[in-house]
Amino acid sequence: MRFDANGKVSLDHIYTAPDPRTYFQVLRPLGYCVPQQAKPYFEKLIKEYRESEEVAVPTVLDIGCSYGINAALLKYDATMDELYARYGDAARISREELLERDRDLSRSRRPAHGLRFTGLDASTSALDYAREAGFLDEAVHADLETNDPTPEQHARLAGTDIVISTGCIGYVTERTLVRVVRAQGERRPWMAHFVLRMFPFDPVEDALAGLGYRTVRVDGVFKQRKFADPQEQTRVLDSMAAAGVDARGLEEEGWMYAQLYLSRPN
């Protein structure tokens, strides 16, 4: 197994396959569940935004969206269990047949919420699938860690009402979020980020404060996935100890945990 600089097993290959089957086949034994846990919090935030800002159909930007998982859960009221079964039982069909099944899902279910979803990701394969399946309304393939958005990317990012993420913060930093906010002009989208406890959120919070945001952390922790093996757990625990994060009763028991940060303009 390969490990990244933070001690986590490298799962890069699951994001570059032409469809989501590898993604779900690899993550299912690990109990990956943070999008399901995030769903009610995102739904609550979207409801509050819709009522507060009087926007009937908010545009949600999902940073690190991969195959549009959050979009499927929120637009079509899918569940992670449903998606695990959907892609786990599709080994013998073609990509086009799988796409047609997913298009049927997006056509047959009236969206649970009136939403537009934009996905931002580094994987063209994942973005292409999510767009073709009807999960994403718009896709932005960009590395905003190192580059300002191009005029075309800027146009696709503009008009964002709510920014969400479920695990990319730590690999994506405040540099990306600042560029996303600046693409909105004077507007300030609301934000909700589920962040692994091993990654500090302070630099992001400080950068957002400089743009006029106030951030609060929601009480409690949220399971993300199990450790892939004891070696990964040891490496991650070492990284957390070096960062001064207490893993007792949580990561020491075999699961990675995330915390939820909500940022709104003052």
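This is a predicted model: local features need pLDDT of at least 70, side-chain atom pairs count only at pLDDT 80 or more; totals for chains, interfaces and linings use all residues.
Local features need pLDDT of at least 70, side-chain atom pairs count only at pLDDT 80 or more, and totals for chains, interfaces and linings use all residues. Residues are numbered from 1 along each chain as its sequence is written, and side-chain values use heavy atoms, without hydrogens and water.

Helix 5 (residues 95–108) packs against helix 6 (residues 124–133) at about 50 degrees, with the axes 8 Å apart. Helices are DSSP runs of H or I with at least four residues, and strands are E runs of at least two. Axes are lines fitted to C-alpha atoms over the stretch in contact, and angles run from 0 to 180 degrees between N-to-C directions. Contact (heavy atoms within 4.5 Å) involves Arg95 and Leu98, among others, of helix 5, and residues including Asp128 and Tyr129 of helix 6.

The largest pocket holds about 1000 Å³ of space. Its lining has 38 residues, and Tyr15, Gly64, Gly167, Cys168 and Tyr171 are the closest to its centre. Elements giving two or more residues to this lining include helix 1 (21–27) and strand 7 (222–226).

The largest cavity has a volume of about 30 Å³. Leu196, Arg197, Met198, Val236, Met240, Glu251, Met256 and Tyr257 line this cavity. Helix 10 (230–242) and strand 8 (255–265) each give two or more residues to the lining.

On a 1 Å grid over the protein atoms alone, a cavity is a set of points where a 1.4 Å probe fits but cannot get out; a pocket is an open set with protein on both sides within 12 Å along at least five of seven lines; lining residues have an atom within 4 Å of a point. Volume is the space filled by probe spheres set on the points, which are joined across faces, edges and corners.
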